[in-house]
Number of protein chains: 2
Amino acid sequence: MRVLGVDPGLTRMGIGLVDGRLGAPLKMVAAGVIRTPVGAPIHERLLGIDVQIAEWFDEYEPDAVAVERMFAQEGVRTIMGTAQAAGVAMVAAARRGLPVALHTPSEVKAAVSGDGRAQKEQVAAMVVRILKLSEAPKPVDATDALALAICHVWRGGAADRIAEALEKRGLSAPSGSVPLHRVRGRGRGSGFR
Amino acid sequence: MRVLGVDPGLTRMGIGLVDGRLGAPLKMVAAGVIRTPVGAPIHERLLGIDVQIAEWFDEYEPDAVAVERMFAQEGVRTIMGTAQAAGVAMVAAARRGLPVALHTPSEVKAAVSGDGRAQKEQVAAMVVRILKLSEAPKPVDATDALALAICHVWRGGAADRIAEALEKRGLSAPSGSVPLHRVRGRGRGSGFR
């Protein structure tokens, strides 16, 4: 499974691609950021994201997309721009028929580092370790996007296993009844502490 | 000039199309709402808006798009969904190379009724009067979108006249220096009180 992680933002949007599945080493495919000019009108910035994310999709053909689920703790202006940037990424994925999952920052931290309150540096260090990189991709948005993708592989794997177990018992998970972002498993992160 | 007004929302997004220019009667071209199912995942709802708004653009070929500028006064969940719906509309316009302007609710109220604090019913009554309709289009989101389009014609006209005046004096407005949504004129609304 190839997952494209998105750390949404209007000025810098982190993109991280990971190949992998549960129980096997994960591999970084690519990571980077989509930038749009701060002074430009909002609709042009959103179009810039739309155009650039299409290039990522076309080049790397992910199987699933994981986007950070936001809460309005930051400033109102920031959160609206960030929400809109995330929306553009979600529509881009939906247009291609790709599944989209949202993960909260604490879910990502817990999955990657075993600690839902981990510091940024701790998460970056774990991303480097999990993906066997020589250093954390810069800027940090790219590393955060990789963490999202890792989280999605591990949590997605958990959801798949639930579906599998139900199937073995002759039951089936009604479609949509176990959305990835509601699965409460901790992923595999704690094994890395 | 044909303006497509957008009253953004995830569950109901008002769309109102108006033909007109400053100093001439305005005409309603069409009005309605884009709906998406409340229970569906956010990315599917945003895709639904993306697909449906494309149909409005294709059928009516507007020259400009006016979107309500939001403030985070409502609940956080609502504002994020609304912001994302607005973002999808803006990208759809930008993709077609159309100018996009944002107008605040009080700008719209002032332009249409002469009173920035007008009640919903007052605005609806003015929309009916300005566009010579027999009644206000339902649901109210459609009427609000028409008010946005009216506001844009009148305020856009003001911006055009500034550019014209500058040109007559041998000056030119540097591109982007007089964005429509920053023009502080009251439009023509007060003449209708």
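Which side chain does Asp141(A) meet in a salt bridge? Keep that one in mind while we go through my notes; this is a predicted model.

1. **The answer first.** Asp141(A) pairs with Arg12(A), with N and O 2.9 Å apart. As a reminder, side chains of opposite charge can pair when their charged atoms come close. Asp141(A) sits in helix α5 (residues 140-168) and Arg12(A) in strand β2 (residues 12-19), so this bridge ties together parts of chain A that are 129 residues apart in sequence.

2. **Buried or exposed?** The two partners of that bridge are worth checking one by one. Asp141(A) has a relative accessibility of 10% and counts as buried, because the cut-off for buried is under 20%. Arg12(A), at 36%, is partly exposed.

3. **Helix α5 again.** Have a look at Arg155(A), which makes a salt bridge with Glu107(A); their closest N and O atoms are 3.4 Å apart. Arg155(A) belongs to helix α5 and Glu107(A) to helix α3 (residues 105-113), so the pair holds together parts of chain A lying 48 residues apart in sequence. Here Arg155(A) is buried, at 5% relative accessibility, and Glu107(A) is buried too, with a relative accessible area of 11%.

4. **And once more.** Lys120(A) and Asp144(A) form another salt bridge, and their closest N and O atoms are 2.4 Å apart. Lys120(A) is partly exposed at 47% relative accessibility, whereas Asp144(A) is buried at 11%.

5. Asp50(A), Arg95(A), Asp50(B) and Arg95(B) are linked in a network of salt bridges.

6. **How do the two copies relate?** Now step back from the side chains. Chain A can be laid on chain B by a turn of 180° with a shift of 0.0 Å along the axis, and the RMSD is 0.0 Å. The two copies are therefore related as by a two-fold rotation axis. To find that axis on your screen, go to Gln84(A): its C-alpha is the nearest to the axis in chain A, at 2.3 Å. Both copies use the same surface, as 100% of the contact residues of chain A recur in chain B.

Definitions and conventions:
Residues numbered from 1 in each chain as written. Chains lettered and ligands numbered in written order. Predicted model: local features only at pLDDT ≥ 70, side-chain atom pairs only at ≥ 80, totals over all residues. Heavy atoms only, no water. Least-squares fit on C-alpha atoms with pLDDT ≥ 70 in both. Contact = heavy atoms within 4.5 Å. Salt bridge = Lys/Arg side-chain N within 4 Å of Asp/Glu carboxyl O. Helix = DSSP H or I, 4+ residues; strand = E, 2+ residues; numbered from the N terminus. Buried < 20%, exposed > 50% of the residue type's maximum accessible area, 1.4 Å probe, protein only.
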